[in-house]
2 protein chains.
Amino acid sequence: MPELTGVQKQYILHWGEMGTRWGINRTVAQIHALLYLSPKALPAEEIAETLSVARSNVSTSIRELETWGIVRAVHVLGDRREHYESMKDVWEMFRLVIEQRKRREIDPTREILRQCLADLDPKEAGADYTRERLEAMAGFFEAVTELYDQMKGLPTGMVRKILRMGTKVKKKAR
Amino acid sequence: MPELTGVQKQYILHWGEMGTRWGINRTVAQIHALLYLSPKALPAEEIAETLSVARSNVSTSIRELETWGIVRAVHVLGDRREHYESMKDVWEMFRLVIEQRKRREIDPTREILRQCLADLDPKEAGADYTRERLEAMAGFFEAVTELYDQMKGLPTGMVRKILRMGTKVKKKAR
DNA sequence: CTGTATATTCTGTTTGTACTGAAAGAAACG
DNA sequence: CGTTTCTTTCAGTACAAACAGAATATACAG
């Protein structure tokens with residue numbers, strides 16, 4: 001992947017942009033896009049050149065992608081450098097990302113909500129109302145967690161099957 | 001909601017933090033948290049004081065929340081100021097946010113992917129591989145869209161029902 | 001052991017977003 | 001119609017995140 005074609009550029013740029021909107025570093029996202037499109041693993045040096053970013057920046061970003069579990073280092077015979085490749089299974093990739101975001105953000109939020117509910121002083125003015133709101137929010141996050149637990153481990157094709165059942169249920173319901 | 005209790009502070013701070021991680025402005029998220037907890041609509045002035053941010057900042061942030069459709073202005077008799085209140089239905093709130101993020105981010109991504117696939121020059125080196133990858137990605141986004149379309153409009157309780165069916169399907173499958 | 005290639009860490013610098021305060025603009029009131 | 005009250009817009013500032021490049025560390029070859 002020495003020089004990028006127009007299409008590749010477009011995809012990489014857009015992916016970087018998407019990243020920023022979801023709180024993911026632009027360069028991290030771009031590198032991922034590049035590796036995703038690349039048929040072979042790439043050394044950091046080449047990534048840096050292709051995307052015109054500093055070698056050090058690539059190093060940091062790759063590490064980030066490795067912690068997400070969607071990029072890994074592979075070794076090429078006769079080359080001392082590490083080569084990096086992206087996971088190619090899109091569903092699995094997003095599953096991993098979602099799993100981690102759940103762990104990093106949803107779970108702590110549930111924890112905070114529980115904490116808040118525990119800390120609520122019933123003598124405080126308006127405590128009832130606050131409790132009501134916090135409980136509604138907590139309920140939502142519990143449901144989302146439940147949903148996640150159900151979904152995880154479902155093979156890809158299964159999701160669609162369930163969706164179709166959903167349609168039926170909906171129709172029956174009205 | 002003149003002075004905040006400890007619990008309220010904790011919730012608002014955490015919510016602001018969550019916002020930043022999902023690409024939503026901290027102040028915007030904090031204001032939403034405040035309004036969500038508030039039993040009555042609040043004037044901008046009071047929001048600014050409570051959160052210690054500039055009045056103008058509140059103005060901008062409120063507008064943002066209004067475009068999401070989860071906060072609206074209401075009028076209080078004998079008060080010329082606008083008062084703002086948050087939607088209280090958590091499910092509906094998230095539905096609105098997801099709907100808009102889909103429109104702003106998922107839909108354009110689908111469009112770009114289609115564009116890329118259309119622009120792919122089969123004569124270009126490695127075009128086959130690129131196509132393969134882009135199509136996999138496009139397929140994922142189509143599925144997500146389908147999923148969204150199915151979900152939207154489902155009454156809150158229905159989601160759980162479907163989840164339970166999902167469990168059954170899963171069990172049958174193995 | 002020494003020299004070279006590669007990777008990582010660290011330190012300023014840059015950049016972009018968020019924010020403030022001032023000024024302009026509306027709306028309500030007397 | 002002028003004054004007051006409130007809201008929005010705008011221009012500059014502050015701040016945090018991202019980044020480049022240098023310095024350092026690590027691995028390897030001869």
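Author: The dialogue below goes through the chain, its helices, a sheet, the DNA surfaces and some single residues. This is a predicted model, in which local features need pLDDT of at least 70 and side-chain atom pairs count only at pLDDT 80 or more, while totals for chains, interfaces and linings use all residues. Residues are numbered from 1 along each chain as its sequence is written, and chains are lettered from A and ligands numbered from 1 in the order in which they are written.

Reader: How many helices and strands does chain A have, and in what order do the elements run?

Author: Helices (H or I, at least four residues) and strands (E, at least two) are DSSP runs, numbered from the N terminus. Chain A has 7 helices and 3 strands; from the N terminus on, the order is α-α-β-α-α-β-β-α-α-α.

Reader: What percentage of chain A is buried, and what percentage of its contacts join residues at least 24 apart?

Author: A residue is buried if 20 or more other C-beta atoms lie within 10 Å of its own, exposed if 12 or fewer, and partly exposed in between, with C-beta atoms placed from the backbone. Of the 174 residues in chain A, 25% are buried. Two residues are in contact if their C-beta atoms, placed from the backbone, lie within 7 Å. Taking the contacts in chain A between residues at least 6 apart in sequence, 48% join residues at least 24 apart.

Reader: What span should helix 5 of chain B have, and why?

Author: The expected span of a helix is 1.5 Å times one less than its number of residues. Because helix 5 of chain B (residues 90-119) has 30 residues, it should span 44 Å, and the 42 Å between its end C-alpha atoms agrees with this. The bend at a residue is the angle between axes fitted to the seven residues ending there and the seven starting there; in helix 5 of chain B there is a bend of about 40 degrees at K102(B).

Reader: Which residues of helix 5 of chain B are buried, and what covers them?

Author: The buried residues of this helix are M93(B), T109(B), I112(B), L113(B) and C116(B). Their cover includes helix 1 (6-21) of chain A and helix 6 (127-151) of chain B.

Reader: How many residues of helix 2 of chain A are buried?

Author: Helix 2 of chain A is mostly covered, with 11 of its 12 residues buried, among them T27(A), Q30(A), H32(A) and Y36(A). This helix (residues 26-37) reaches 17 Å from its first C-alpha to its last, close to the 16 Å expected.

Reader: In what order do the strands of the sheet in chain A lie?

Author: Strands of a sheet pair through backbone hydrogen bonds, either parallel or antiparallel. Two strands count as paired if DSSP finds at least two bridges between them. In chain A, 3 strands form an open sheet in the order 1-3-2, with antiparallel pairing. Strand 1 (42-43) and strand 2 (71-75) are the edge strands, each pairing on one side only. Strand 1 and strand 3 (residues 82-86) of chain A pair over 2 bridges, and P43(A) stands opposite H83(A) in strand 3.

Reader: Which residues come nearest to DNA strand D?

Author: A residue is near a molecule or strand if its C-beta atom, placed from the backbone, lies within 6 Å of it. Of the 18 residues around DNA strand D, the nearest are T27(A), A54(A), S56(A), S56(B) and E82(B). Two or more residues come from each of helix 2 and helix 4 (55-68) of chain A and helix 3 (44-51) and helix 4 (55-68) of chain B. Helix 4 of chain B gives the most, with 4 residues.

Reader: How do the residues of the surface near DNA strand D divide?

Author: Ala, Val, Leu, Ile, Met, Phe, Trp, Tyr, Cys and Pro count as nonpolar, Asp, Glu, Lys and Arg as charged, and the others, Gly among them, as polar. The surface near DNA strand D has 4 nonpolar, 7 polar and 7 charged residues.

Reader: Which element gives the largest share of the surface near DNA strand C?

Author: Helix 4 of chain A gives the largest share, 4 residues. Of the 18 residues around DNA strand C, S56(A), E82(A), A54(B), S56(B) and N57(B) come nearest.

Reader: Is I70(A) buried or exposed, and why?

Author: I70(A) counts as buried because it has 21 C-beta neighbours inside 10 Å. I70(A) is placed in the loop between helix 4 and strand 2 of chain A. Leaving aside residues up to four places away in sequence, I70(A) touches several residues, including H32(A), L65(A) and M93(A).

Reader: What is the phi of S52(A)?

Author: The phi of S52(A) is near 55 degrees, a positive value in a residue other than glycine. S52(A) lies in the loop between helix 3 and helix 4 of chain A, and is exposed because 6 other C-beta atoms lie within 10 Å. S52(B) has a positive phi of about 55 degrees although it is not a glycine.
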